[in-house]
Structures are given as C-alpha cells and as structure tokens.
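Colleague: I've just opened this one and could use a quick tour. Can you walk me through it?

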Amino acid sequence: MDRRTFLAAAGVGVSTALAGCSDFFDAAAAGENTVGMTINRFRPEELTVDAGTTVEFSNTSSHAHTVTAYEGGIPEEAEFFATGDFESEAAAREGWNNQRGLLYEGESWEYTFEIPGTYQYFCIPHEDSGMIGFIEVEE
Ligand SMILES: [Cu+2]
C-alpha cells in the first residue's frame, strides 16, 4: 500500500468512527485512556480506567472547552481537578468568565486518577448543552 492509499484508508476509518453513535468506537479511534471532544460532547462520555491511570483529555474540536470536575461528583477523598488548575468549581467558573482554564483546538490536558470511584466532570461553556463526562476508576 503506498502512502496515498494508506492516508485514504485512514481517512475512511476516522470518519466512520466519528459518524457512529457508539462511544465504544469513538474511544477506539481516540486511543486508550484518551477523552476527545466534539463541538459539545466528550468522547467517550464514560471511560473506565484502573486507579493510577493518567487520562488525556484532548480537544479534538475547533471549539474551546474546559475539563472541570463537579465538586460534589467525585469521591470524597479525591482532589478537585480542572483545566487551569483551579482549586474549586467556583474558582473554575470564575476563571472561565475571565477566559482562563480553556483548552483550545488541538490542546490536551492530563490528569491521573488515583482514588477509585466515579468522577463526574463537565465543560463550563457547554454544560447547558449536556457536555458532561464520567470517569470510572477501578481498584
Ligand atoms: Cu465545551
């Protein structure tokens, strides 16, 4: 297969995955332990990882997003997390008002999930559109 054929084949694979409704296929396209983003969704919306796994949140869209934990939506012993490294959900929301803590197109941000449990997070500008995600961390 020459380079051109390969690129055409790869292109077909990517668009098929993006067109599908299944988070499973989107996850496969984005790679393991990676959460991608569309204009107003995290892909996959739910991801299960082992404790100690570093998850990459990658802005694969042309819109700016945030990755912001719901303070009441993470395990009690877990630390709050957010792009922009804010210390609380309120601080992150205030930061967004000042255009801070945003991930722009092509940027990514990593977080290591140490404590088992369910983590609920969202994108501040697209929360109302339902841009909410879950990371399930297993022992
Ligand atoms: Cu967003």
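This is a predicted model: local features need pLDDT of at least 70, side-chain atom pairs count only at pLDDT 80 or more; totals for chains, interfaces and linings use all residues.

Colleague: Okay. Which residue does Tyr121 form an aromatic pair with?

Modeller: With Phe57, in an edge-to-face arrangement. The ring centres are 5.3 Å apart and the planes sit at 75°. Phe57 belongs to strand β4 and Tyr121 to strand β7, so the pair ties together parts that are 64 residues apart in sequence.

Colleague: And is Phe57 buried or exposed?

Modeller: Phe57 counts as buried, because its relative accessibility is 0%.

Colleague: What else is Phe57 in contact with?

Modeller: If you skip its neighbours within four places in sequence, the contacts of Phe57 include Val35, Met37, Val67, Leu103, Trp109, Phe113 and Ile135, as well as Tyr121.

Colleague: Which residues touch the most other members of the largest nonpolar core?

Modeller: Phe57, Val67, Phe81, Phe113 and Ile135, out of 29 residues in that core. As for where the core comes from, the elements giving two or more residues to it are β1 (34-37), β3 (46-50), β4 (53-58), β6 (108-113), β7 (117-122) and β8 (132-138).

Colleague: Back to the rings. How many aromatic pairs are there?

Modeller: The count is 11 aromatic pairs. There is also an aromatic cluster made of Phe42, Phe57, Phe81, Trp109, Tyr111, Phe113, Tyr119 and Tyr121.

Colleague: What about Tyr70 and Phe122, why does that pair count as stacked?

Modeller: Their ring centres are 4.2 Å apart and the planes are at 20°, so the pair is stacked. Tyr70 sits in the loop between β5 and α3 (89-97) while Phe122 is in strand β7, so this pair ties together parts that are 52 residues apart in sequence. Tyr70 and Phe122 are both buried.

Colleague: Switching topic: there's a metal. Which residues are the protein donors of the copper ion?

Modeller: His65 and His126 each use ND1, Cys123 uses SG and Met131 uses SD. These donors lie 1.9 to 2.8 Å from the copper ion.

Colleague: What's the geometry of the copper ion's site?

Modeller: Tetrahedral, with angles of 89 to 130° among the four donor atoms.

Colleague: How are the donor residues spaced in sequence?

Modeller: The pattern is H-x57-C-x2-H-x4-M.

Colleague: Are Cys123 and Met131 buried or exposed?

Modeller: Both Cys123 and Met131 are buried.

Colleague: Let's do the overall layout. How many helices and strands does the protein chain have?

Modeller: Three helices and eight strands. From the N terminus on, the order is α-α-β-β-β-β-β-α-β-β-β.

Colleague: How do strands pair in a sheet, in general?

Modeller: They pair through backbone hydrogen bonds, either parallel or antiparallel.

Colleague: How many bridges join β5 to β7?

Modeller: Two, and β5 and β7 run antiparallel. Ala69, for instance, has Tyr121 in β7 as its bridge partner. That's the Tyr121 that pairs with Phe57.

Colleague: What percentage of the protein chain's residues count as buried?

Modeller: 36% of the 139 residues. On contacts, look at those between residues at least 6 apart in sequence: 61% of them join residues at least 24 apart.

Colleague: What about phi of Asn33?

Modeller: It's near 60°, a positive value in a residue other than glycine. Asn33 is in the loop between α2 (23-30) and β1. Its relative accessible area is 24%, so Asn33 is partly exposed.

Colleague: And phi of Asp85?

Modeller: Phi of Asp85 is near 55°, again positive in a residue other than glycine. Asp85 is found in the loop between β5 and α3.

Colleague: Why does Asp85 count as exposed?

Modeller: Because its relative accessibility is 62%, and exposed here means over 50%.

Key. Residues are numbered from 1 along each chain as its sequence is written. Side-chain values use heavy atoms; hydrogens and water are left out. A nonpolar core is a set of buried Ala, Val, Leu, Ile, Met, Phe, Trp, Tyr and Cys residues joined through side-chain atoms within 4.5 Å. Buried means under 20% relative accessible area, exposed over 50%, partly exposed in between (1.4 Å probe, protein chains only). Helices (H or I, at least four residues) and strands (E, at least two) are DSSP runs, numbered from the N terminus. Contact means heavy atoms within 4.5 Å. Donors are N, O and S atoms within 2.8 Å of the metal (3.2 Å for Na, K and Ca); water is not among the atoms, so sites may look incomplete. Four donors count as tetrahedral if all angles lie between 85 and 135 degrees; four count as square planar and six as octahedral if opposite donors are over 155 degrees apart and all others between 65 and 115; anything else is irregular. Two strands pair if DSSP finds at least two bridges between them. Rings of Phe, Tyr and Trp (its six-membered ring) pair if their centres lie within 6.5 Å; planes under 30 degrees apart count as stacked, over 60 as edge-to-face and the rest as tilted.
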